[in-house]
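Dear colleague,

Please find below the structure that I am handing over to you. My notes on it follow directly after the sequence and coordinates.

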Amino acid sequence: ANRLWLAVGASYRLSDRFTIDFSYVHMFKKTEEINRTTPFPLLATTVTTIGTTDTSSNVLGIGVSTAF
């Protein structure tokens, strides 16, 4: 599967003890064709699936860290 991930992140120091972290990731996936035939011998039939896929995802992260 061909995928492209782009990510960015940043940290912000709230105080000497606390830091907040932000991140964002976007995943691009190439559109792909589906052309699949699946036999079901016990049912004496065959199922054919034809189509395309189009997928992407977004991930947002927020974290807090502390030092002591």
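**Findings**

The side chains of His26 and Asn58 are joined by a polar contact of 2.6 Å. A polar contact here is a pair of N or O atoms within 3.5 Å; within protein, one must be able to donate a hydrogen and the other to accept it, and residues adjacent in sequence count only if both atoms are side-chain atoms. Please note that this is a predicted model, in which local features need pLDDT of at least 70 and side-chain atom pairs count only at pLDDT 80 or more, while totals for chains, interfaces and linings use all residues. Residues are numbered from 1 along each chain as its sequence is written, and side-chain values use heavy atoms, with hydrogens and water left out.

His26 belongs to strand E2; helices (H or I, at least four residues) and strands (E, at least two) are DSSP runs, numbered from the N terminus. With a relative accessibility of 15%, His26 counts as buried. The classes are buried for under 20% relative accessible area, exposed for over 50% and partly exposed in between, with a 1.4 Å probe and protein chains only. Not counting residues up to four places away in sequence, His26 touches Leu4, Trp5 and Leu6 as well as Ser56, Ser57 and Asn58, where contact means heavy atoms within 4.5 Å.

Lys29 also lies in strand E2, which covers residues 18-29. Lys29 is buried, at a relative accessible area of 17%, and its side chain makes a polar contact of 2.7 Å with that of Glu32. Glu32 is found in strand E3 and is partly exposed, at 30% relative accessible area.

Glu32 leads on to Thr52: the two are 20 residues apart in sequence, yet their C-alpha atoms are 5.5 Å apart. Thr52 is placed in strand E4 and counts as exposed, at 52% relative accessibility. Leaving aside neighbours within four places in sequence, Thr52 is in contact with Thr31, Glu32, Glu33 and Ile34. By contrast, 23 Å separates the C-alpha atoms of Thr52 and Phe40, which are twelve residues apart along the chain.

Ala44 sits in the loop between strand E3 (32-40) and strand E4 (45-53). Its phi is near 55°, a positive value in a residue other than glycine. Ala44 is exposed, with a relative accessible area of 73%.

**The chain as a whole**

The chain holds zero helices and five strands, in the order β-β-β-β-β along the sequence. Its radius of gyration is 22 Å, well over the 11 Å that the globule rule gives for 68 residues, so the chain is more spread out than a compact globule. That radius is taken over C-alpha atoms, and the rule is 2.2 Å times the number of residues to the power 0.38. Along the principal axes, the C-alpha atoms fill a box of roughly 70 × 25 × 10 Å.

Buried residues make up 10% of the 68 residues. Of the contacts with a separation of 6 or more, 45% are between residues 24 or more positions apart. The mean positions of the 6 positive and 5 negative charges are 5 Å apart; Lys and Arg count as positive and Asp and Glu as negative, with His and the chain ends not counted, and each charge is placed at NZ of Lys, CZ of Arg, CG of Asp or CD of Glu.

With kind regards
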